[in-house]
Amino acid sequence: MYDPKSLRAQEFIDHGEVLESLSWASENSKDGAVIRSIIEKARLRKGLPHREALALLDCEDPELNAEILALAKRIKMDYYGNRIVMFAPLYLSNYCVNGCLYCPYHSTNKNIARKKLSMEDIVREVTALQDMGHKRLALEAGEHPAMNPIEYILESIAAIYSIKHKNGAIRRVNVNIAATTVENYEKLRDAGIGTYILFQETYDRAAYSELHPYGPKSDYDWHTEAMDRAQFGGIDDVGLGVLFGLENYRYEFAALMMHAEHLEAVHGVGPHTISVPRVRAADDIDPGAFRGGITDDTFAKIVACIRISVPYTGMIVSTRESRECREKVLELGVSQISGGSRTSVGGYFERETENSSQFEVNDNRSLDEVIGWLMERGHIPSFCTACYREGRTGDRFMALCKSGKILNCCHPNALMTLKEYLVDYATPRTLEMGNALIDSEIGVVPNAKLRALVARKLTEIEQGARDFRI
Ligand code: SF4
Ligand code: SF4
């Protein structure tokens with residue numbers, strides 16, 4: 001029985017409700033008047049219920065689709081402006097006791113090298129990341145109670161925050177580790193993490209069982225209810241995600257929207273971020289082996305419909321996607337991307353000689369190249385980590401974001417953190433482009449007092465000061 005307020009996965013992701021939504025959307029998506037009324041509702045920027053969101057996704061009318069894509073772009077600009085936040089994944093360990101069929105870290109894969117970073121390795125990796133210019137990391141680790149216990153994760157987080165190399169610093173550590181207990185989430189909160197991220201992979205319970213034949217992750221309810229435990233453990237910001245390409249994307253999309261509604265209904269705070277990874281080739285993994293492959297156009301439509309339906313959420317796309325695909329989805333609502341990523345354990349300090357990566361990177365450009373490319377396309381690359389550090393998390397963040405006021409922080413912070421990057425790490429070409437961009441964007445800051453403050457801080461950054469935020 002469907003109940004968004006329930007704490008039981010089988011009720012807030014009710015299979016019957018997903019199926020009814022699929023048939024409702026399929027029928028109504030052919031009715032231009034219905035779609036038009038949903039688009040009008042979406043223009044209010046309050047989001048959409050899952051059935052209506054799915055009807056937009058199902059719509060095949062080219063004219064209406066053009067309106068949907070244009071609206072997604074508009075909403076992204078209204079909420080977050082043209083800043084794109086940068087991050088990098090850091091793989092701590094690929095030891096794992098689970099059997100996920102889409103991931104090369106599954107425990108029976110004997111082809112990959114198993115690695116776990118020591119604290120000395122972490123210093124080397126983080127120093128290399130700082131020397132690239134990164135300020136925000138997403139920690140990744142397989143699930144292995146003996147090799148990667150929570151104590152190891154906590155020690156790693158403390159080490160990462162403590163490393164200061166030249167002007168470098170990691171200011172926000174987001175964590176993507178296996179579903180765990182409320183007590184462990186409390187420990188992660190106390191360690192000062194930013195967002196807790198956990199991908200659902202698939203919301204379809206039967207498919208989930210097939211794809212997770214053994215290990216703790218095979219427990220659908222334990223995995224799906226993790227975000228509630230994280231919230232009860234005091235982690236305000238949680239990030240959802242589906243691994244698109246595994247199963248029917250319509251089912252996944254509807255259930256993802258239901259999960260977002262559930263978090264709002266129970267905790268008063270929806271997902272801080274939604275990630276849209278797609279299955280990629282890797283050792284022992286052939287994306288063609290799964291039933292749910294999607295085209296780039298469908299992928300782009302999914303991004304646009306998430307942006308329209310959950311307008312306040314940060315949306316993340318990684319280097320799993322090609323430059324071309326990232327170009328497209330950046331226009332449609334993505335607000336965070338990774339750059340210069342290595343998806344292997346220890347891959348930043350030295351190029352790996354043994355294969356330990358989780359997936360093949362589809363965008364191999366350096367961070368500096370990605371920064372230059374973003375600016376050429378009119379985006380402001382941002383290394384901002386201000387909200388978490390200013391206590392703007394959970395409902396405080398959401399209130400600012402939903403009122404459209406977060407942009408007053410995002411835009412100046414993007415300019416100041418980009419300036420830090422340019423002064424400390426950029427190549428001459430990127431430096432020149434970046435300074436020109438900042439000169440033109442500073443005029444866009446609407447408030448004269450704030451504009452003057454930012455101009456002053458930019459000068460101070462040139463003179464050696466660091467870490468300003470609004
Ligand atoms: Fe382990 Fe995560 Fe890979 Fe599954 S997806 S095998 S839990 S690392
Ligand atoms: Fe993100 Fe907050 Fe910085 Fe905006 S101001 S980029 S929402 S951390």
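Predicted model: local features only at pLDDT ≥ 70, side-chain atom pairs only at ≥ 80, totals over all residues.

What share of the contacts in the chain with a separation of 6 or more comes from residues 24 or more positions apart? I looked it up, and the share is 76%.

**Entry: the whole chain**

I went for the overall picture next. I find 20 helices and 9 strands in the chain. The radius of gyration is 21 Å, close to the 23 Å that the globule rule gives for 470 residues, so I can call the chain as compact as a globular protein of that length. I also looked up the span of the C-alpha trace along its principal axes, and it is about 60 × 55 × 40 Å.

Of the 470 residues in the chain, 61% are buried. The accessible surface comes to about 17700 Å², and carbon and sulfur atoms hold 51% of that.

**Entry: salt bridges**

How many salt bridges does a search of the whole structure find? I got 36. I picked a few to look at one by one.

Is Glu52 buried or exposed? Glu52 has 18% relative accessibility, so I put it down as buried. Lys41 is partly exposed, with a relative accessible area of 34%.

Next I checked Asp78 and Arg74, which form a salt bridge at 3.0 Å, N to O. Both sit in helix α5 (residues 62-80), and because they are 4 residues apart there, about one helical turn separates them. I noted Asp78 as partly exposed at a relative accessible area of 25%. Arg74 is partly exposed too, at 45% relative accessibility.

Then came Glu264 and Lys402, with their closest N and O atoms 3.1 Å apart in a salt bridge. Glu264 lies in helix α12 (residues 249-267) and Lys402 in helix α17 (residues 394-402), so this pair ties together parts that are 138 residues apart in sequence. For accessibility I wrote down 27% for Glu264, which counts as partly exposed. Lys402 also counts as partly exposed, at 36%.

I found a network as well: salt bridges that share partners join Arg171, Arg389, Glu390, Glu420, Asp467 and Arg469.

**Entry: Glu441**

I left one residue for the end. Glu441 is found in helix α19, which covers residues 428-442. I saw that Glu441 is buried and yet has no salt bridge. Which side chain of opposite charge is nearest to Glu441? That is Lys76, and it is 11 Å away. A salt bridge would need a side-chain nitrogen of Lys or Arg within 4 Å of a carboxyl oxygen.

So what does the side chain of Glu441 meet in a polar contact? I find His411 there, with a distance of 2.7 Å between the two side chains. Leaving out residues up to four places away in sequence, Glu441 touches Asn82, Ile380, His411 and Leu415.

Key: Residues numbered from 1 in each chain as written. Chains lettered and ligands numbered in written order. Heavy atoms only, no water. Helix = DSSP H or I, 4+ residues; strand = E, 2+ residues; numbered from the N terminus. Buried < 20%, exposed > 50% of the residue type's maximum accessible area, 1.4 Å probe, protein only. Lys, Arg positive; Asp, Glu negative; His and termini not counted. Polar contact = N/O pair within 3.5 Å; in protein donor to acceptor, adjacent residues only side chain to side chain. Contact = heavy atoms within 4.5 Å. Rg over C-alpha atoms; globule rule 2.2 N^0.38 Å. Areas by Shrake-Rupley, 256 points an atom, 1.4 Å probe, with all protein chains shown as cover.
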